[in-house]
Amino acid sequence: MIYSAWIRQLQSLTIVIFTFIISAQTDVPRPRGVSLSKASLYSPTKDFTCFDGTSTIPFSYVNDDYCDCFDGSDEPGTAACLNGVFYCTNAGHRPQNIPSSRVNDGICDCCDGTDEYATPGRCSNICEELGKEARAKAQQLADLHKSGNHIRLELIEKGNKKRSEMALQLLQLEKDKAEAEIIKNEKEVLKSELEAKENEALQVYRDAEEKDRQRKAELERQQQETEASEQFARFDSNSDGVLTTDEIKVVNVFDKNKDGEVDQEEILHFFGDKDSVNMEDFMSTTWPMVKPLLMLDQGMFRPAVKEEDDEPEVDEEEETQRVEDTEDVGGDDENIEEIPHDDADEQDIEPEQSRAYDDETQKLIDEATEARRQLTDAERTVREIESNIRTFQQNLEKDYGLQQEYATLDGQCLEYEDKEYIYKLCLFQRVTQKSKNGGMEVGLGEWGEWAGREGNKYSVMKYTNGMACWNGPSRMSIVNINCGLESKLTSVTEPFRCEYKIELTTPAACDDSNLTQEATHDEL
Amino acid sequence: MSLTFRSRHTSFFEIDIDSIYASNSIIKSPQNSNVELKRTFSHHLVIIIAKETIHTIRMKALSLLLIAAFGLSGSLAVDRNNFKTCEQSGFCKRLRGFKPEKSQYALNVDSVFVHGNVLSAEVFTVDHDDDKKNILWRYALRLSALADGTFRVEMDEAEPLYPRYRTQIALEGEPKGDGLKLISNENGKLTLSNTQGHKVVITIEPLKIEFVDHTGEVAVVLNENSQLVVEPLRVRREKIGDDDEQGNIVEVSIPEHTDNFYLKTTTSGEPYRLYNLDVFEYELDSPMAIYGAVPVLYSHSSKRSSGVFWHNSAETWVDVVNFSESTVVSSLVNFMTGGQKQRVDASLLLTHNQQSKRSICFQKFSLAYHQSRWNYMDEVDLRTVDEGFDEHDIPADALWLDIEYTDKKKYFTWDAEKFRHPTEMVSNLTAKGRKLVVIIDPHIKREAGYFVHEDCTAKDYYVKNKEGRDYEGWCWPGSSSYPDFFNPEVTQYYIERYKFENFPGTSKDVHIWNDMNEPSVFNGPEITMPKDCRHWKPRNKEDSGLASYWEHSYAAVWTGDNAAEWGFLQASVPMCISLATAGISFCGSDVGGFFKYPEAELMTRWYQAGAYQAFFRAHSHIETKRREPWLYDATTISRIRDAVRRRYALLDFWYTLFYEHSIDGLPVTRPLFQEFPKEEATFTIDNQYLLGDKLLIRPVLEEGVTSVKVYLPGKESGTLWYDVDSYHAVAANGWINLDVTITKIPVYQRGGTIVPRKERVRRASSLMANDPYTLVVALDSNNTAHGTVYIDDGETFDYKSNKYIYGSFDYQPAAIAYKFINKDANYPTRSWVERIVIAGIKNAPKAAKLVQGGKQTPLQMTLHRGNDVLVVRKPGASMAKPWEILFTY
């Protein structure tokens, strides 16, 4: 602190050079500002040792309006020590410890007025009055808790009942789930069997199709080869089986940019980094590039107008994109009925269905389709049960107070209106705010946790992660809970930016046993 | 902040050869003076002036823009596009590019007339085109010799189209004159002299004016490089050349900028700009104009210091050139120095204040701790904050209400819902010795039925636009108009509004915060009023600006809308030194930063720094997280408490410094070189400073440091510096490295000084009035020390009728004596001396006795050997009468 800070650092020897003692203490049972419990530490017949043990001083230095002890213990009744404590008895009301700096500062801090002894008459003793008021208030509160406690007991009963019902329901759900899984497995087996048959029948069709495709491809390849070798022969003027740069320099078609000359860049384009190409390389790399130019030369086609060329391509891409997007969205949301992935080949089959199958095959396909549908249904049933189980488990895990007194309040919504807004607190769910002038509902927090101080955990609820504030944190709400005969909100304020304070009264918070405990605590 | 120096056309020019002429360029504010009138009966006036910038409208626009451009809004910064650069100012651009071969200006020798302290003469511009001289324009030049070795130069058109605007209210009346004699007129030069032996040499053509000190050295030159331009009712330019002397020279001041205290070369960048602007999220290290402007510039070397006060309220741009050998300030307003004056120290600032306005004695509470926020939302909120200070045992003297307390930004009204019981609210505060400060902005909401608006409209009190209709701008209330304080009738009307009966809920414990007085106009050019607005008197076509909204005489200032960043904490120190040197000592920054949120370390350091800056107020933006001290962890709370307590323990020292400031005008917070003018190493130190001539402060302004460099000046004179935490003495030897912890900032008491303290820190300063003093005596190498104390009721103007004590303490090894400096003054204080700490005592006395009023009382002492600290226990001497303590060895 201030003076004591430096003096505390001194390790040096302290010598009292000259001692002149003024003894002006009147005979008092205990020095001013000392509580009864500490009275024995101040004995007028002995030197006084500071509580921290750092020094011993003549007893006359106690309360002599000069701070000798680092811990302020020598000046319990004056303002001399910055870290001192003044005790007022406040007979008729609660006793009080105040900082020494409030002694004789002109402000009445103790109800018995003892802190302003330097100006007698400034502060009158109002402890009796205050005590009476406080006791009446305490009585009122006790009465409230008493009547509220009846309701609380009912809430506890209902809460426990609700919980055991939920536990029972959960058990039932587990059972249901097991049954549904059996059905699902059966359907899965059935589906596999039927799909095997279906595949077998369809294989015939697929094989035929594949053969047809291969035949066409082979035909085309042969045509290409013929054409290529014809051209190769035409360009290979010395017929040595290798096409050199000199040989193509004279061929117009290689003059890609039509500047009348086959330049190095163009050669590079067609030959890669080679000086020459043989038949094989020609076939694989050069020919595909040359062919369109050749066809162009021969007037077999004209280059398409650019827009026409590009547009369909883009469209196609977008199309694909769009489809994928849709699938992604579906995949993310469990609640949307989705097509199971192993049904993907169904899409392959789809176009085939336009084809005519023989009756036998068609029947197998129909049976397999039906089996797939049944499996999907069975799987959905399992998921639904699982989701229910999760909800029940979560609710059972929720902390509804020491005796489940808050259990029946889960989901109950209470409203509060001020000049501008309507606030809604749905217990254990969320807090929202809506402007009376309309507009969007603003989330002030989702159920978070009990946040009361130690020993009084269930007096405060915290709802967090509301809508983010401009340039600031997410909104949150603190709900202070007090005893009241009905559950209602008595005030909503925003003491800190984006931090809302809600006052809730509810019988669930009424507890007469608790109250007596607190009251006795105060008396100490 | 808000000094307005906007009219372009006066050419006053005060030059002081011997000492710095820092006229307190602050102007007496009309509404302040009226408040003073109204409140004279009971107390000093404290008007705390301010600056508040955030405007939601702009902010929204800005973030929208960013979203559009980048898809996300990055960190917002000052929008430079809103503010002019030199290039964009015709005036600045024209003159910066001006490179004349030869001055066009010449003195008409035949017209020279010296009478009393004034030389008047005609100056004309000459066109040399065809060998024939053609006179283009004629000007009237006045050179006056003023008391204290100061000269004033004025230049204006001989026959202007209309009289140019002259600022009138910065000075305490007309400066006192000195004699002026024409000594010689030969070789094209006129030589004049004042009664103190300073000479002025005027070269006739091209016109050049040199100011010469006693030794014959040129101190300041006007128009050496022929760059003087007085544009006939257009623009004017002055150039004061340099002389090319010597060593290390430093130029300082011209607040208000975020740059270093010492000025940097500007030729490659923007010049320093002086113009009053409300800058949203201003930048650091910038010559941009912000908030206020004080056109005073000093130049200092180890041999001499000079200063120029540009007595001109026009927008001004200043170019600075630093050469390694000599420093030249080349500029639109351009100053130089050199020569061999001995010292810049204490005496140097004395002179100017003889002529310029001195500050009043501020009420003591204004020097204590203030808690503010935009905004304490309602009465309950304010009360909770008030109680928070008691609960956590942190002292506080005033709580502040920002604009939200009003009924829809109609000043002089209260929000009927949230502030329903202002009188009761105020008495809750005063019951604990605290005060309330409420904001009043000088823009008036244009709303039918609002009495101020109706009055101003009916009586034609508003500033007019160039068409002559009431000027409308956009500010907090929306569409607003601005009372024209050039009209004394408007000023009188505005004064009346502050009367307690006209502003119900206010009383002597409610004080006023003036803000937005650049004036801030959200939709105006550069967020202020267009320059072509018309004011009541000067019939200029151009706007001469709202010449004044505050003054150092009556108000404190803060460094505006800073942010919770280390850089802004760092900037607050040079910004306040600069303001103090220019005459505004009552300066501080928003503790914790206005924008953003300070984490615990920054907050702790800011409180520690703020505790040693004159204006000590925490403030924050409405959108930021709350940060009253108790919202931090317990350790941080106790560190903040400790910092605030340190301030309160020194409050009477601060009060004494400000009393002395009101007498001699010397800065309360001083650059080191003011006290140690020959130590060149101190010239560029602007992260440490002195309080008076007694304490040296080096706030810790860096994150996470475990040691800092501290410069301890005065090696040559064998100065000792005592660490105030340990009373350990360190002999001055320039730079030292000092280990620091989070609880430590280096503060040293200079050997040879005595500092009065009050160790019994209470809830508010008013509750400490009767408390005893601890005197800390720090001995110099001759085992002597000296100090002063000022005591009055801390509140009223009674001190003007000699109800105060201005006392001195003198320590010699044989005795320490307390005497009244002004024997005609007295005050019945109930304070006494509870402790005398003598640090650096080598040879401890054996006995001590107090002598007061013919009574002798033996005293006890404790010696802390090893630290050489002697503590005299409880002398109990009354401070209402002189006393003496005699030591025997």
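Analyst: The end C-alpha atoms of residues 362-536 of chain B lie 32 Å apart, and this span is 23% helix and 15% strand. Helices (H or I, at least four residues) and strands (E, at least two) are DSSP runs, numbered from the N terminus. The model is predicted: local features need pLDDT of at least 70 and side-chain atom pairs count only at pLDDT 80 or more, while totals for chains, interfaces and linings use all residues. Residues are numbered from 1 along each chain as its sequence is written, and chains are lettered from A and ligands numbered from 1 in the order in which they are written.

User: Which UniProt annotation covers residues 362-536 of chain B?

Analyst: An unreviewed UniProt entry gives "domain: Glycoside hydrolase family 31 TIM barrel" for residues 362-536 and 552-657 of chain B. UniProt positions are given in the numbering used here, feature names are shortened, and annotations may be inferred rather than shown by experiment. For chain A, the annotation "domain: EF-hand", also from an unreviewed entry, covers residues 223-258. The end C-alpha atoms of residues 223-258 of chain A lie 28 Å apart, and the span is 50% helix and 8% strand.

User: How many strands does the open sheet of chain A with mixed pairing have?

Analyst: That open sheet has 8 strands, in the order S8-S9-S10-S11-S12-S13-S15-S14, with mixed pairing. Its edges are S8 (413-417) and S14 (488-496) of chain A; each has a single partner strand, so one side of each is left without a neighbour in the sheet. The twist averages 25° from one strand to the next, where axes are lines fitted to C-alpha atoms, for helices over the stretch in contact, and angles run from 0 to 180 degrees between N-to-C directions. Within this sheet, S11 (residues 441-450) and S12 (residues 460-464) of chain A pair in the antiparallel sense over 4 bridges. Glu446(A) stands opposite Thr464(A) in S12(A).

User: How is a crossing of two helices described, and at what angle do H2 and H5 of chain A cross?

Analyst: The axes of H2 (residues 127-235) and H5 (residues 279-297) of chain A come within 10 Å and cross at roughly 110°. H2(A) and H5(A) are therefore roughly perpendicular to each other; angles under 35 degrees count as roughly parallel, over 145 as roughly antiparallel, 65 to 115 as roughly perpendicular and the rest as oblique. Glu225(A), Ala228(A), Ser229(A) and Phe232(A) of H2(A) make the contact with Met279(A), Phe282(A), Met283(A) and Trp287(A) of H5(A). Two residues are in contact if their C-beta atoms, placed from the backbone, lie within 7 Å.

User: Where does Asp236(A) lie, and is Asp236(A) buried or exposed?

Analyst: Asp236(A) lies in the loop between H2 and strand S6 (242-244) of chain A. With 20 C-beta neighbours inside 10 Å, Asp236(A) counts as buried. A residue is buried if 20 or more other C-beta atoms lie within 10 Å of its own, exposed if 12 or fewer, and partly exposed in between; C-beta atoms are placed from the backbone. Leaving aside neighbours within four places in sequence, Asp236(A) is in contact with Gly241(A), Leu243(A) and Glu247(A).

User: Which backbone angles deserve attention?

Analyst: Most residues other than glycine have a negative phi, and most peptide bonds are trans. Asn63(A) has a positive phi of about 55° although it is not a glycine, and Phe412(B) has one of about 75°. Phe412(B) is buried, with 20 other C-beta atoms within 10 Å. A cis peptide bond, with omega about 15°, joins Trp374(B) and Asn375(B).

Note on methods. Pairing = 2+ DSSP bridges.
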